[in-house]
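Welcome! Here is a short briefing to read alongside the sequence and the 3D view. Take it one topic at a time.

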Amino acid sequence: MQIGPNPSLHLTYCSNLFPANGWPEVFSNLQRYAPALKARLSPHAPFGLGLRLSSRESEALLSGQEMDRFKAFLDENGLYLFTLNGFPFGAFHRQRIKAGVFAPDWRTDMRVHYTLRLIEILRRLLPEGIDGGISTSPLTYKRWMIANDPSTWESIVQNLARIASALVSVRRETGKRIHLDLEPEPDGLLENSGDILDFYQRYLLPIGAPLLARQTWTSVQQAERNLLKHIRICYDASHMAVAYEEPAAAVDRLSRAEIRIGKVQISAAMEVAVPPDRDRLIEIGRQLDPFRESIYLHQVVERESNGTLRRYADLSDLYPIPWSREQRTWRIHFHLPLFVSEFGYCRSTREETEVLLRRVREKGLTQHLEIETYGWEFLPPELRRDRLDAMTEEYRWVLGRLKMIGKENRSDRTPDAA
């Protein structure tokens, strides 16, 4: 849904919350929920969709008459597509994923061809006058990377230049502007704003610009501008919270380097304050134990009282939980519903999400906002909702915050009465 003209924002919910594998299941869920959500939230105006497609699902959508059927469904129901989630290559539900969510990575042709299919889908479905975006993985899993291996960095940049070249061609041929949005994640090769700056300044621009210049018959300077235009960042609020990134400072740092944010994923991570109390630690361990599920990767970053960070690849690696005399904080990569502020010993990082929304609204950092909460089946019973009611409640939380920020901004611009 579109929010305001100055600047306009497009808000959606990522369809990866649905436990679907295969295009027929994905389409069935959209048919069931998208018109119902529109009726509740935007009955008289077009309603935007954020679509998550696996590689196999992207092939299915591009085959036969499926694109025509999907386009007809969108048109008949007042829906439009403006963003795709191209991070998980394969299935995202009902089977063990863990670190496999990063594979195949940006060193491979498989990742390139998958992304090119997503570009084709968005090229054909993106409405005129709206930018399109495709979020993708943070290049690779950091634990798979040989540090400072020049050939690996070059292969990653070469593949991103191929995508940028395709996006330049789409813009020249159709006038449609689409960007690829790299999504930092804990333990990804891009994990925080420092990693992003280092990648752009040491690798993407100096290596990628000459490559893109040759592919698009432009100057190196123009190619560099095209890379910054078409290779952007997907800022996932929960991911960056787990990395202990202060959102206003992080987005300002990127902005100063002319690195654009293509999409903000509105999400909240789990935070636990861990006191030096053995009995309390046992209780915390019991509360967290159900989240040690077998499908998704739940990275943990511990911050000690002196600011030192300790990383655990998955929540299960935290067990048996070590006792410490020091006060600690754990931030856990689990997307909590936005309407949850705390439960038991856990709290949400949604206050930082609000700070990010404020910065987006004030600075016009992006046009794309996507709510991304998944893993509902692993929540404790008291936090679960009917799926449609839960999505509606999260939309209304976001819309309420944006409305409040808008009122505050207008108030700040009003001169004091004489």
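Rings of Phe, Tyr and Trp (its six-membered ring) count as an aromatic pair if their centres lie within 6.5 Å. In this structure, which is a predicted model, a search of the whole structure finds 22 such aromatic pairs.

**An aromatic pair to look at**

- A pair of rings is described by the distance of the centres and the angle of the planes.
- For F339 and W376, the ring centres are 6.2 Å apart and the planes sit at 35°.
- Planes under 30 degrees apart count as stacked and those over 60 as edge-to-face, so the F339 and W376 pair is tilted.
- Where do the two partners sit? F339 belongs to the loop between β12 (328–336) and β13 (342–343), while W376 belongs to the loop between β15 (368–371) and α12, so the pair ties together parts 37 residues apart in sequence.

**Cavities inside the model**

- How many cavities of 30 Å³ or more does a search of the whole structure find? There are 5.
- The largest cavity holds about 170 Å³ of space.
- Its lining is made of 18 residues, and those closest to the centre are F92, V101, E185, H333 and Y374.
- Sorted by class, the lining of the largest cavity has 9 nonpolar, 5 polar and 4 charged residues.
- The second largest cavity holds about 110 Å³ of space.
- Around the second largest cavity there are 17 lining residues, with Y13, L30, L37, L49 and M391 nearest its centre.
- Two or more of these lining residues come from each of β2 (9–13), α1 (23–41), β3 (47–52) and α12 (387–413).
- Helix α1 gives the most to the lining of the second largest cavity, namely 5 residues.
- The lining of the second largest cavity has 12 nonpolar and 5 polar residues, but no charged ones.

**Helix α6, from start to end**

- At the start of α6, a side-chain oxygen of N192 comes to within 3.1 Å of the backbone nitrogen of G194.
- Helix α6 covers residues 193–216, which is 24 residues.
- The end C-alpha atoms of α6 are only 29 Å apart, short of the 34 Å that a straight helix would reach at 1.5 Å a residue.
- Where is the kink in α6? There is a kink of about 45° at L204, shortly before the proline P206.

- Most residues other than glycine have a negative phi, and most peptide bonds are trans.
- W217 is not a glycine, yet has a positive phi of about 55°.
- The peptide bond joining A103 and P104 is cis, with omega of about -15°.
- P104 can be found in the loop between β4 (79–85) and α4 (109–125).
- Another cis peptide bond runs from Y319 to P320, where omega is near -5°.
- P320 is in the loop between β11 (309–312) and β12.

Terms used:
Residues numbered from 1 in each chain as written. Predicted model: local features only at pLDDT ≥ 70, side-chain atom pairs only at ≥ 80, totals over all residues. Heavy atoms only, no water. 1 Å grid on protein atoms, 1.4 Å probe; cavity = no way out; pocket = protein on both sides within 12 Å on 5 of 7 lines; lining within 4 Å. Points joined across faces, edges and corners; volume = space filled by probe spheres on them. Nonpolar A, V, L, I, M, F, W, Y, C, P; charged D, E, K, R; others polar. Helix = DSSP H or I, 4+ residues; strand = E, 2+ residues; numbered from the N terminus. Expected span 1.5 Å × (residues − 1). Bend = angle between axes of the 7 residues up to and from the residue. Polar contact = N/O pair within 3.5 Å; in protein donor to acceptor, adjacent residues only side chain to side chain.
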